[in-house]
Structure formats: C-alpha cells, structure tokens
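Please take a first look at this protein.

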Amino acid sequence: MNETQAEATVEILSPRDVPLGGPRAMNVRRTLPQRSRSLIGAWCFADYYGPNETAVTGGMDVAPHPHIGLQTVSWLFKGEIEHRDSLGTHSTIRPGELNLMTGGHGICHSEVSTASTDVLHGAQLWVALPDRYRDTGPDFHHYVPQAAALDGGEVKVFLGSLAGDTSPVPTFSPLLGAELRLDPGATVTLAVDPAFEHGLLVNSGDVSLAGTRLSPSHLGYLPVGRDTLTVTNHSDAPAVTLLLGGPPFGEEILMWWNFVGRTQEDIEKAREDWMNGSRFGEVIGYPGDPLPAPELPRVPMKPRA
C-alpha cells in the first residue's frame, strides 16, 4: 500500500464531552461509539479523561453500578483509582497497570480516585463479549506489563500480542491493547495482524498515523488489510498513545447505559434486576448508595454493528 492510499484510509474519530458517574459526574471525552463507527474489533467504548486537577474537579467518584455482556479495561497515565466489585475485589490501579473486569452475566463495581491523587488522567475502555460468551461468569484480572524497547520508543502490551510481547490476560476474542510511547521526532513502524482493524488514541504529542495527523484525545482508525502501522511523533517531547485492535466483530450489539446485550429484552431485564437488587451482587466498602438506573427510552433501541 503506497503512502497516498495509506493516508486516505485513516478515519479520524473526534471526541465528544460526556458527564460520567451520576450526581458527582466528571467530564470525559468519548470517541467510541459514534454514529460513523460503533466498534474497532470487539472494542465498543472508549472514554478519555484528564489531565484533571482533582482539587478543581473533585476527582473520580463513581458509585456502584452494574455491567453485563462486556469487559471493562482501565488504564491510567497519571493518578490512582480504587476499584471495588461484587466479587470482593479491592484493587488500586496505577499508571501503566491494567484492570480488566468481566461483566458477563452480571457484576457491579465502584471507581474512586485515591486521596493522594492530585492529577487524574487515563482511559476507560469496554470490550463486547461475543454472543457465545456474553453470559459468562464475572471475573477480574490485574496485570502490570513490562515495557518492551522499540527503535524510537517503547510499548507496554496489556492485551494480545505486539512487538514480540504477549499479555497473559485472557480475552474472549482476539484483541490488541497497548500503550505506545514515542521519542521526540521518532517514527516507529510496527508489524501487525492484517486480519485486525486498528485504532490509535492519542494521549499527548503531535502524532501522525500512516501519514495522517491526529490531535490529542482523537482516535485514528485503520481497516483490515495492513501488516504494518507507521506512527510518527512530530513534536520535540515524548508522545504517548494507546493502540487498540481486533478482527471485525461480526455481530450486532445493543448498548444502553452500562449494558451490552443483543435484544431490548436483555437490557430491560438487566435494568429490572439492578433496580430490584438481584443478579449483580453488592460492592462492600463503598461509602454511599449505588447508582440508580436511568429511565428506559420510550422508543425501540437500535442495535449497533
């Protein structure tokens, strides 16, 4: 593929501001899902937040809330977040560490920035579970990937395989998730699976993907068919990005609130169970009430492909 073709294939997904977390909401910038694109592989949701001074914003305080049909992926660039869930997990996530929680049939959790956090900066991602696994039991994994050196930067692979490194964290479909850091002025070309589509979410730096410039908090998308990806840092400071990938999901999903289902009945039943206090268990140790579910829309929900 020549450079002109490469530039033409990059789709830029711009973020929109969304309040997160109920009454004590903080603003995040959401790049997935969008009208033009709902998924990148099985990645169906991407929120980017910060850097936020917690003295100004109040930090993160997301009360217990439920999930079905997905895995949540938490990744930080700065700060700390305390995670509690209905499995009894109590875990603190720090920069460069992965928290992966499997919702499956049902789980609930809370997320609160720690008292020692003065700046909060990170990404919250979701992975849709394939239909055959969407009712799997809840689970949780914490993993600290080691940095692998590249000619012009380094990479931390938290899901899947890249640059000779493989994450041990299990997933239910082929996935790639990695933090890519580029030295000032560096260009890095990575060998990738041509069966994967890819998205590059820019955290910092003046970065281009396959010749197309991307602004911070924007996501560049490339379709299947490429066996290399070229990323350039045009700035005189290090650049930081997240690289996401996977084969096209091939299934329609229905997303509403914190749920990923297949039918409206899936969503309605999950909401009913949450409001009735069944199915999802209980988060122990959070000093407050769970988040109530919003009202269901009055029109039929539309699936995403």
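What follows is a short tour of selected side chains in a predicted model.

**Aromatic pairs**

The count comes to nine aromatic pairs. Two of them are set out here.

| Pair | Centre to centre | Angle between planes | Type |
|---|---|---|---|
| Tyrosine 48 and phenylalanine 77 | 6.5 Å | 55 degrees | tilted |
| Tryptophan 274 and phenylalanine 280 | 5.7 Å | 80 degrees | edge-to-face |

Take the tilted pair of tyrosine 48 and phenylalanine 77. Tyrosine 48 belongs to strand S4 (residues 43–53), and phenylalanine 77 to strand S6 (residues 70–78), so the pair ties together parts that are 29 residues apart in sequence. Tyrosine 48 is buried, because its relative accessible area is 3%, under the 20% cut-off. Phenylalanine 77 has 12% relative accessibility, so this residue counts as buried too.

Now the edge-to-face pair of tryptophan 274 and phenylalanine 280. Both residues are buried. They also belong to one aromatic cluster, together with Trp256, Trp257 and Phe259.

**Valine 224**

Where is valine 224 found? The residue is in the loop between strand S22 (219–222) and strand S23 (228–233). Valine 224 counts as partly exposed, because its relative accessibility is 41%. Setting aside neighbours within four places in sequence, valine 224 is in contact with Pro194, Ala195, Phe196, Glu197 and Pro248. Histidine 142 lies 82 residues from valine 224 in sequence and 30 Å from it in space, C-alpha to C-alpha.

Key: Residues are numbered from 1 along each chain as its sequence is written. This is a predicted model: local features need pLDDT of at least 70, side-chain atom pairs count only at pLDDT 80 or more; totals for chains, interfaces and linings use all residues. Side-chain values use heavy atoms; hydrogens and water are left out. Helices (H or I, at least four residues) and strands (E, at least two) are DSSP runs, numbered from the N terminus. Buried means under 20% relative accessible area, exposed over 50%, partly exposed in between (1.4 Å probe, protein chains only). Contact means heavy atoms within 4.5 Å. Rings of Phe, Tyr and Trp (its six-membered ring) pair if their centres lie within 6.5 Å; planes under 30 degrees apart count as stacked, over 60 as edge-to-face and the rest as tilted.
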